[in-house]
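I kept to what could be looked up directly.

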Amino acid sequence: MSERALPSTARVVIIGGGIMGCGLAYHLAHEGWTDVVLLEKAELTSGSTWHAAGQITHSTSSFALGKCVGYNIDLYSKVLEAETGQSVTWHGCGSLRLAYTDDELDWLHQTISVGKGLGFPMEIVGPERIRELHPFYNLDGVKAALHTPDDGHVDPAGAAFALAKGARQLGVKVIRRCRATNVTQQPNGEWLVETEQGNIACEHVVNAGGTYARQVALWSGYDLPTTSMTHHYLITDTVPEFQALDKELPVVRDDRLVSGYIRMEQKKGLIGIYEKANPNTVWENHCPWEAENELFEPDYDRIMPWLENAMDRMPILADLGITREVHGAISHPPDGNPLIGPAPGLKNYWCCCGTQIGIGWGPGLTRELARWMVHGAADINMREFDPRRFGPYADKSFQITKAKEDYLLRHEIPFPFFNRLDARPVKPSALYDDLKAAGAVFEEVYGHERPRWFAPEGVEAKDIYGFRRTKLHDIVGAEVRAVREKAGIMDISAFSKVEISGPDAASFLDRLVPNRLPAVGRIGLTHLLNDQGRIELENTVVRLAEDRLYLVCAAFFEQRLVDYLTFAKAGEDVTITNRSTDWGALALNGPKARDILGACTSSDLSNADFKWMTGQEIAVGGHRLWAFRMSYAGELGWEFHGPRAAIQGAFRALKAAGKRHGLADYGSFAMNALRMEKAFKGAGELTNEVTLPEADVMRFVRMDKAFRGKAATEAAAASPLRWVCAYLEVAGDGRSDGNGGEAVLAGGKQVGTVSSIAFGHSVGKLLAFAYVKADHAKPATELEVVIMGEPRHAKVLSEPAYDPEGRVPRGAALQAVPV
């Protein structure tokens with residue numbers, strides 16, 4: 001590709017010419033933005049891309065990643081070479097993922113359940129069929145395998161070159177041998193990118209720096225959470241047994257014994273290993289700018305146990321020599337998911353990096369990022385990739401520790417709710433020690449430690465891992481029943497808590513939200529939308545005073561909420577204060593809640609003086625805080641918000657008063673089951689994929705007022721809906737309750753996907769939310785949900801399974817509880 005002169009301005013500047021940068025340039029151009037400049041310090045693909053193994057598989061339990069994978073395989077196998085004339089060398093050989101244990105087999109069944117919703121061809125096959133597909137693999141101990149016949153691998157450099165060529169054909173400038181040296185935001189909001197060839201001003205800047213991404217981000221004051229880890233793959237001499245084959249063998253993914261993959265590389269063998277001990281980091285402080293096509297000396301001591309296993313599994317490779325050793329660096333974010341989306345606190349600064357499987361995931365992710373940049377919203381749920389899921393707590397030490405943890409888990413079973421414990425606790429709440437002493441098992445959400453469940457004596461966290469019911473089912477059931485029958489208390493300090501104050505606070509928020517703001521002392525529920533009318537956030541809004549509003553939303557949206565509000569300011573006199581860490585919060589729910597709270601306060605708690613959906617500042621156990629009469633559990637209850645010390649004092653007072661009433665601790669798993677019984681939609685339903693009509697939350701919208709995204713909301717409401725969020729009762733089998741992402745069928749054909757699923761212990765029903773085609777969302781419609789690979793009967797419900805009239809939280813008695 002010929003060099004081009006550096007322009008002085010551009011709409012977008014992309015820093016980095018690997019698979020991610022080239023993929024974004026290609027997709028921005030296809031979305032209509034061609035005033036784009038891609039800068040590469042050396043040659044394209046000379047960072048991590050060139051040494052990638054280049055494999056891609058439909059085998060994923062992530063619905064969002066699955067959508068990307070499906071697109072990528074079509075792009076590589078059918079589109080890219082035809083469009084550009086650039087060879088990508090697609091090998092559509094298929095894949096086998098092996099299962100040696102029941103848990104691994106369950107993982108494959110869960111993958112099938114998600115894959116059906118994506119329309120992927122896949123099946124679970126036994127040893128006899130595996131041997132037909134791959135006669136050279138040692139199947140001792142193998143129970144089954146997931147066969148994904150349309151998988152394959154691609155030439156990494158060829159794929160990136162093709163993407164770059166496709167971008168250039170549409171007008172994008174690709175400039176090699178031009179290293180960026182600084183990125184700063186100017187007073188007018190533009191970004192200035194300084195390079196070895198001069199400066200370029202742009203509206204949007206994209207960090208696609210790969211192993212350089214962290215140090216590039218530091219130029220702009222952003223400590224991007226990614227660490228370079230090294231990974232080996234080895235190529236053997238020519239394999240005599242491969243010479244006579246008329247087609248390529250499928251890639252074998254052996255997570256248990258090889259901790260990696262084995263495949264053909266032409267007529268040779270290729271063995272890739274993610275060792276399960278002593279993971280290796282490099283360039284923790286600085287990736288050398290002069291590095292180009294960089295590899296490291298192989299460390300056979302580190303990988304030898306798994307290499308020996310690979311030779312045992314593939315005996316035909318055992319006596320061959322190694323002709324090539326590839327030991328290169330790959331970026332690992334703390335949780336292993338890519339960093340795709342807006343950088344926290346920086347307007348029009350985008351991350352397109354941290355992608356440890358760039359060939360397999362990259363093009364689909366860059367397509368969504370391009371849509372996000374151009375149209376204001378991606379078409380898939382980007383929550384698990386959004387860089388704003390990490391905050392300042394994710395410092396360098398945290399990044400390195402978690403990257404090592406992620407590397408070691410790369411070929412472990414991805415159990416639902418697997419708890420990654422390294423580098424924790426980061427931000428324990430004021431109640432952490434009290435709850436830990438009570439048996440709390442915590443989860444980390446945006447750095448906060450939140451109780452998931454409370455372990456009875458003799459039960460350990462590892463006892464609950466599985467795709468089917470474990471001991472946790474009955475433990476959560478007991479917590480749910482305690483809330484419904486007596487009272488439960490939960491530390492909800494992890495919720496994002498942001499205050500808007502100042503003379504223009506009300507008018508500022510009112511022009512953004514689709515619902516009316518509550519009066520002083522009242523509580524409301526509303527949403528924040530993007531310009532496409534898609535849902536960014538759901539918020540509880542409390543009007544503390546005329547000029548003081550308090551917003552509460554899910555923990556992992558903390559930075560998203562702060563950025564949304566900050567970037568929406570248009571000269572108003574408002575102050576945005578993030579209270580998420582300085583303040584704590586408690587939830588007290590259940591029929592005995594008023595009795596317990598009444599013993600700790602002199603305030604009048606009657607229905608007349610402390611109405612449903614109102615807030616008051618009161619003293620609880622002598623500690624002043626805000627009490628909000630509301631309940632995510634759908635019970636008589638209050639939430640308490642205030643400074644950490646006040647929350648700790650109130651908690652201890654409530655616990656002491658609650659002993660005689662059977663007050664129990666409960667965690668987020670029970671909270672989820674309780675909200676499912678009440679048909680309260682959560683973050684899984686309210687995403688950037690959907691509009692308010694599709695989410696079926698128009699009761700929280702007032703179309704007679706202005707709000708951001710109104711025109712798009714009107715258009716969505718007036719058009720046939722792509723899908724609708726339906727509330728389902730699913731047939732149970734007493735053994736497995738699903739894990740989310742499962743396919744929904746009608747007449748054997750896929751019509752939707754489960755967003756949330758949980759067993760409702762109070763009502764004895766398995767309940768789910770699912771996005772389904774609009775004509776299948778009507779109450780009483782009969783459907784099927786694929787759980788662990790098997791279809792289950794399901795029915796669309798017209799009302800919540802528990803307290804459908806909403807009498808209980810208002811203080812009225814529940815007349816009958818279905819069992």
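Predicted model: local features only at pLDDT ≥ 70, side-chain atom pairs only at ≥ 80, totals over all residues.

Entry on strand 28. I began with strand 28 (residues 583-589) and asked which way its side chains point. Trp583, Ala585, Ala587 and Asn589 point one way, whereas Gly584, Leu586 and Leu588 point the other way, and all of them are buried. Because seven of the seven residues are buried, I put strand 28 down as largely enclosed by the rest of the structure.

Its partners came next. Strand 22 (residues 487-491) is joined to strand 28 by four bridges, and the two run antiparallel; in this pairing I found Met490 opposite Ala587. Strand 31 (residues 637-643) also runs antiparallel to strand 28, here with seven bridges, and Leu588 stands opposite Trp638 of strand 31.

Entry on Arg450. Setting aside neighbours within four places in sequence, I listed its contacts, among them Glu443, Asp491, Ser668 and Met490; Met490 is the residue I had already noted opposite Ala587 of strand 28.

For strand 33 (residues 724-730) and strand 38 (residues 790-796) I noted three bridges in the antiparallel sense, with Val730 opposite Ala794.

Entry on helices 2 and 8. How do helix 2 (residues 63-84) and helix 8 (residues 358-375) pack, and at what angle? Their axes are 7 Å apart and the angle is about 100°, so I described the two helices as roughly perpendicular to each other. The contact includes Leu65, Tyr71 and Tyr76 of helix 2 and Trp361, Pro363 and Arg367 of helix 8. Sorted by class, that contact has ten nonpolar residues, four polar and one charged.

Entry on helix 15. Last, I checked helix 15 (residues 644-658), whose 15 residues reach 21 Å from the first C-alpha to the last, close to the 21 Å expected at 1.5 Å a residue. Its buried residues include Ile647, Phe651 and Leu654.

Terms used. Residues numbered from 1 in each chain as written. Heavy atoms only, no water. Axes fitted to C-alpha atoms, helices over the stretch in contact; angles between N-to-C directions. Parallel < 35°, antiparallel > 145°, perpendicular 65-115°, else oblique. Contact = heavy atoms within 4.5 Å. Nonpolar A, V, L, I, M, F, W, Y, C, P; charged D, E, K, R; others polar. Expected span 1.5 Å × (residues − 1). Buried < 20%, exposed > 50% of the residue type's maximum accessible area, 1.4 Å probe, protein only. Pairing = 2+ DSSP bridges.
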